[in-house]
Amino acid sequence: MSQPQDDRLLERLRAGQPVLWTNPDYTPAEDPQAAADVAQAQADWQSFAPLLAALWPELGASGAIRSELIAVPGCREALAAAAPDLATLLVKGDHALPIAGSVKARGGVFEVLSTAVAQARAAGLLAEGGDIATLAGPDARAFFAKRRIAVGSTGNLGLSVGISARALGYAATVHMSHDAKAWKVARLRDLGVEVVQHRSDYSAAVATARDIAARDPLTHFVDDESSALLFNGYSAAAAELKDQLDAMGLVIGPERPLILYLPCGIGGAPGGIAYGARGVFGADVHPFFVEPVQAPSALVQMRHGPGRETSVYELGLSNRTEADGMAVATMSQLVAERMRKRLAGVFTVTDDDLFRWLAMADAEGLRLEPSAASGFGGPRMLQGTEAGRAFCFAHLAGRGAQAVHVVWTTGGAFLPEEIYQSHVATGRSLGPASGMQGDMT
Ligand SMILES: Cc1ncc(COP(=O)(O)O)c(C=O)c1O
């Protein structure tokens with residue numbers, strides 16, 4: 001990006017207008033380390049399957065937490081008005097993931113189960129090669145009941161950690177930021193989770209939660225800002241996506257690149273998925289993060305580069321958004337470091353557009369919360385902006401029309417009906433998805 005372009009980007013960013021930042025350090029390449037890590041994460045998930053099946057019969061005998069890959073012709077048509085090279089648009093439907101109703105099931109459940117297995121092994125409750133499903137039984141439950149799992153969250157991570165911790169019998173505490181939605185708090189309390197509501201933002205809530213947890217040796221703290229376990233749990237989703245694309249006959253390669261649009265808060269979920277995708281698809285995948293215009297924590301951190309934590313408040317932004325899952329002012333440094341060369345770029349979206357896309361997706365039978373609709377902004381950003389066109393020229397030269405665009409929808413299935421219908425009504429009142437906000441060029 002030239003200096004005048006970068007100045008313009010900064011000006012728009014400060015003004016809360018949508019922007020696309022492309023990463024000058026981006027280096028799409030084969031990634032043996034990421035490939036090995038994804039294979040390990042898949043093996044770990046496989047080893048948890050009997051316990052998952054015992055705890056949640058709705059998963060069936062496979063004990064797999066999977067989402068559908070969904071064709072969305074209506075959305076494609078609506079978005080193609082602003083992005084004509086959009087032959088293939090698919091939705092990876094984590095909004096309907098079992099157990100937690102969001103992408104956070106992939107990370108939160110993985111960390112809670114990994115912790116339970118490690119604690120049970122250390123206490124001699126589970127022998128190497130022993131039947132992991134016994135951890136759903138009464139002896140293990142009595143053991144876990146003396147221990148606690150704690151987490152800081154804007155909402156959905158708290159739900160996934162709280163639900164899985166309680167399923168095993170742990171005591172659970174979820175520290176929530178002021179953004180947390182009342183229905184998420186109520187749902188956790190109904191499960192017997194202790195919910196501590198902070199008046200502060202997400203980063204401050206996490207810091208307080210971490211301090212409190214550190215004082216109790218029987219508490220395991222799920223640290224959303226730096227957890228490798230969460231990251232690994234998310235990463236396996238990329239292998240699931242590859243199987244589904246292959247089954248549809250969409251084999252990703254140099255002639256058919258894959259573009260991912262991943263909603264980002266602290267960065268763990270989109271970072272883990274992007275990392276896994278690099279391992280699975282090598283140089284042929286291009287992952288983009290999406291953030292609200294008032295909370296572009298990954299954009300400001302990745303643009304700034306390593307060496308100093310950077311916050312959206314430094315640009316005079318508010319970190320206020322209806323997309324509660326993405327209301328994060330400072331991104332995870334672990335994720336920033338892992339994304340340095342692996343992330344194609346970051347773009348921002350207005351809250352109004354989130355509601356428009358939510359209503360657009362509703363017409364196709366997808367039940368999304370506002371955060372989860374953000375990826376629909378991707379195709380227009382790539383094809384309708386100077387920075388996007390430069391990216392396509394550099395990385396997709398001649399193959400843009402064959403690209404497979406995947407919008408990762410990250411949450412919503414658990415939204416109470418009344419709230420969901422009011423979101424749909426808001427989206428409809430804002431007009432069609434093709435008439436989105438702001439001059440993009
Ligand atoms: C629905 C939804 N989408 C996206 C995200 C972003 O995930 P992360 O905070 O790991 O970047 C969250 C986080 O809670 C979420 O709830």
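**The ligand and its surroundings**

Reply: A polar side-chain atom of asparagine 156 lies 2.7 Å from an oxygen atom of the ligand; a polar contact is a pair of N or O atoms within 3.5 Å. The model is predicted, so local features need pLDDT of at least 70 and side-chain atom pairs pLDDT 80 or more, while totals for chains, interfaces and linings use all residues. Residues are numbered from 1 along each chain as its sequence is written, and side-chain values use heavy atoms, leaving out hydrogens and water.

Me: How far is the polar side-chain atom of lysine 104 from an oxygen atom of the ligand?

Reply: For lysine 104 the distance is 2.7 Å. A polar backbone atom of alanine 269 is 2.8 Å from a ligand oxygen.

Me: How many residues surround the ligand?

Reply: A residue counts as near a molecule if one of its heavy atoms lies within 4 Å of it. Here 16 residues surround the ligand, and the closest are Lys104, Asn156, Gly265, Gly267 and Thr410.

Technical notes
A polar contact is a pair of N or O atoms within 3.5 Å; within protein, one must be able to donate a hydrogen and the other to accept it, and residues adjacent in sequence count only if both atoms are side-chain atoms.
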